[in-house]
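Dear colleague,

I am handing over the structure below, and my notes on what was found in it follow directly after.

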Amino acid sequence: MALHLVDHPVIRERLTRIRSVDSGTAEFREALHDVSRLLCFEVTRDLETSPILVTTPLGETAGHRLARPVVLVPILRAGLGLLRGFSELLGEASVGTIGLSRDEETLAPHRYHFRMPPDLAEAEVILIDPMLATGGSASDAVDELKAAGAHRLRFACLIAAPEGVSAFTARHPEVPIYTAALDQCLDERAYIVPGLGDAGDRYFGT
Ligand code: PRP
Ligand code: URA
């Protein structure tokens, strides 16, 4: 199982602010933004590069470029909270969007939107969503991305529950998960404990 726990002192500090019930919308957003930049650094660590020649003011030398285009795919809504940080490091990346909303009763994800750039089959696709709870949303999103031609996929989140990691890995064993925290469990409403509450509501102030 490819589960990467991304540990960094700044992530630990920002995650504490994100979790805190005392943090307001602005502090939550800024801290999530900071974590997403650091997460992106780790998520992209093993992307392949191709050699190129670069001309400096003093001559030519060997350089590198990313071997494939990158497509960032936030799961709406809360995934948008990670997009700014990922886009800052990957300014050239295209963005696809998947709208999924978890049914409060059945916990099944309901899809309401799917829009992708054309180069999905060639691309490194990075699916982003702060929360991996039951794993239903992320697993369905990967199903849709695979059906649309994606085959180089990785998933980045902020907080994962063990139940979500198991469910996601059972359905998509080849897709690595990057997370800043692996929490204890889900509660009876399938919220992550201790978690941060409802990521979308906290990010959008709803
Ligand atoms: C949250 C979160 C994930 C999903 C995780 O979204 O952003 O997409 O729940 O839960 P799961 O692993 O059990 O599927 P939500 O459905 O609340 O929608 P929102 O982002 O629009 O608030
Ligand atoms: N979605 C959230 O926003 N938070 C959780 O803890 C679980 C699902």
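Predicted model: local features only at pLDDT ≥ 70, side-chain atom pairs only at ≥ 80, totals over all residues.

At roughly what angle do the axes of helix α2 and helix α3 cross? The axes of α2 (residues 25-43) and α3 (residues 80-89) cross at roughly 50° and come within 7 Å, where helices are DSSP runs of H or I with at least four residues, numbered from the N terminus, and axes are lines fitted to C-alpha atoms over the stretch in contact, with angles from 0 to 180 degrees between N-to-C directions. That makes α2 oblique to α3, since angles under 35 degrees count as roughly parallel, over 145 as roughly antiparallel, 65 to 115 as roughly perpendicular and the rest as oblique.

Residues are numbered from 1 along each chain as its sequence is written, chains are lettered from A and ligands numbered from 1 in the order in which they are written, and side-chain values use heavy atoms, with hydrogens and water left out.

For helix α4 (residues 136-147) and helix α5 (residues 162-171), the axes come within 9 Å and cross at roughly 20°, and these helices are therefore roughly parallel to each other. Their contact is made by A138, S139, D140, V142 and D143 of α4 together with A167, F168 and R171 of α5.

Best wishes

Note on methods:
Helix = DSSP H or I, 4+ residues; strand = E, 2+ residues; numbered from the N terminus. Contact = heavy atoms within 4.5 Å.
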